[in-house]
Amino acid sequence: MTTSPNPFWNDKMKHLFYLYDVDGDGSITPKDFEILANKLSSLVGQEDEQRREDYANARKTLCQEIMRADANQDGKVTLEEWLDFHKHLADELHKPDTNPEILEQLSQRINTTFNMLDLNHDGYIARDEWVKTCQFFGVDQTTAEKSFQQLSKEDKLEEDRAKHLFFEYLKSDDPNHISNCCLCFL
Ligand SMILES: [Ca+2]
Ligand SMILES: [Ca+2]
């Protein structure tokens, strides 16, 4: 059963759509991921061959996961397809018996995002990695630092915690929920 989306949730997902539509042509395509991954990889050392390769792989995985939203399979995810897709995911996450296949897909997605944010690849997102990434997505430094303080423990954001926050972020209708404290959470 699909309920009509809450306005806060709808705005949040729209915002996320526009973050992914990097070239601003009104739809999400594999080209957007290429641009995004190239830009993000400039945050890590360019001389690091291994990390560049990781980024290329992460981009492919993330792109595959997100292109699932392309309902009519024309190679573009429109805003409407994006909202429908995430509404379906949010509805699934609200169920006590979430479809395990969907959980698996979402885990893939958060793992990939996490690995991209974990710039030095030590298994944690550190404050500076978080702040850098937030700034990259247009969030000011003060907001980014404040959100990190709320999200992290002992100045680190662990993978499990990040995954949990991501699930909450996808389904939460509550503007005051901690997962919503920073809209740039992918
Ligand atoms: Ca685009
Ligand atoms: Ca489409």
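How are α4 and α8 oriented to each other? The legends below take up this question and others, view by view.

**View 1. Overall fold of the predicted protein.** This is a predicted model, in which local features need pLDDT of at least 70 and side-chain atom pairs count only at pLDDT 80 or more, while totals for chains, interfaces and linings use all residues. Residues are numbered from 1 along each chain as its sequence is written, and chains are lettered from A and ligands numbered from 1 in the order in which they are written. The protein holds eight helices and four strands, where helices (H or I, at least four residues) and strands (E, at least two) are DSSP runs numbered from the N terminus. Along the sequence these elements follow the pattern α-β-α-α-β-α-α-β-α-α-β-α. The C-alpha atoms fill a box of roughly 50 × 35 × 30 Å, taken along the principal axes. Of the 186 residues, 26% count as buried, a class that requires 20 or more other C-beta atoms within 10 Å of a residue's own, whereas 12 or fewer make it exposed and counts in between make it partly exposed, with C-beta atoms placed from the backbone.

**View 2. Helix α4 against helix α8.** Helix α4 (residues 79-94) and helix α8 (residues 159-171) pack at an angle of about 115°, with their axes 8 Å apart; axes are lines fitted to C-alpha atoms, for helices over the stretch in contact, and angles run from 0 to 180 degrees between N-to-C directions. The two helices, α4 and α8, are therefore roughly perpendicular to each other, since angles of 65 to 115 degrees are classed that way, those under 35 as roughly parallel, those over 145 as roughly antiparallel and the rest as oblique. The contact joins H86, L89, A90, L93 and H94 of α4 to F167, L170 and K171 of α8, two residues being in contact if their C-beta atoms, placed from the backbone, lie within 7 Å. By class, this contact of α4 with α8 has five nonpolar, two polar and one charged residues, with Ala, Val, Leu, Ile, Met, Phe, Trp, Tyr, Cys and Pro counted as nonpolar, Asp, Glu, Lys and Arg as charged, and the others, Gly among them, as polar.

**View 3. Helix α5 against helix α8.** Helix α5 (residues 100-117) packs with α8 at an angle of about 125°, their axes lying 10 Å apart. That angle makes α5 oblique to α8. On the α5 side L106, S107, I110 and F114 take part, and they meet E159, A162, K163, F166 and F167 in α8. The residues of this contact of α5 with α8 divide into six nonpolar, one polar and two charged.

**View 4. Helices α2 and α3.** The axes of helix α2 (residues 30-41) and α3 come within 9 Å and cross at roughly 145°. Residues of α2 in the contact include P30, F33 and E34, while those of α3 include R52, Y55 and A58. In the contact of α2 with α3 there are nine nonpolar, one polar and three charged residues.

**View 5. Residue V131 and its surroundings.** V131 is found in helix α6 (residues 127-136), and with 19 other C-beta atoms within 10 Å it is partly exposed. Not counting residues up to four places away in sequence, V131 touches Q141, A144, E145 and F148.

**View 6. The loop residue Q73.** Q73 lies in the loop between α3 (49-67) and β2 (77-78), and has a positive phi of about 50° although it is not a glycine. With 7 C-beta neighbours inside 10 Å, Q73 counts as exposed.
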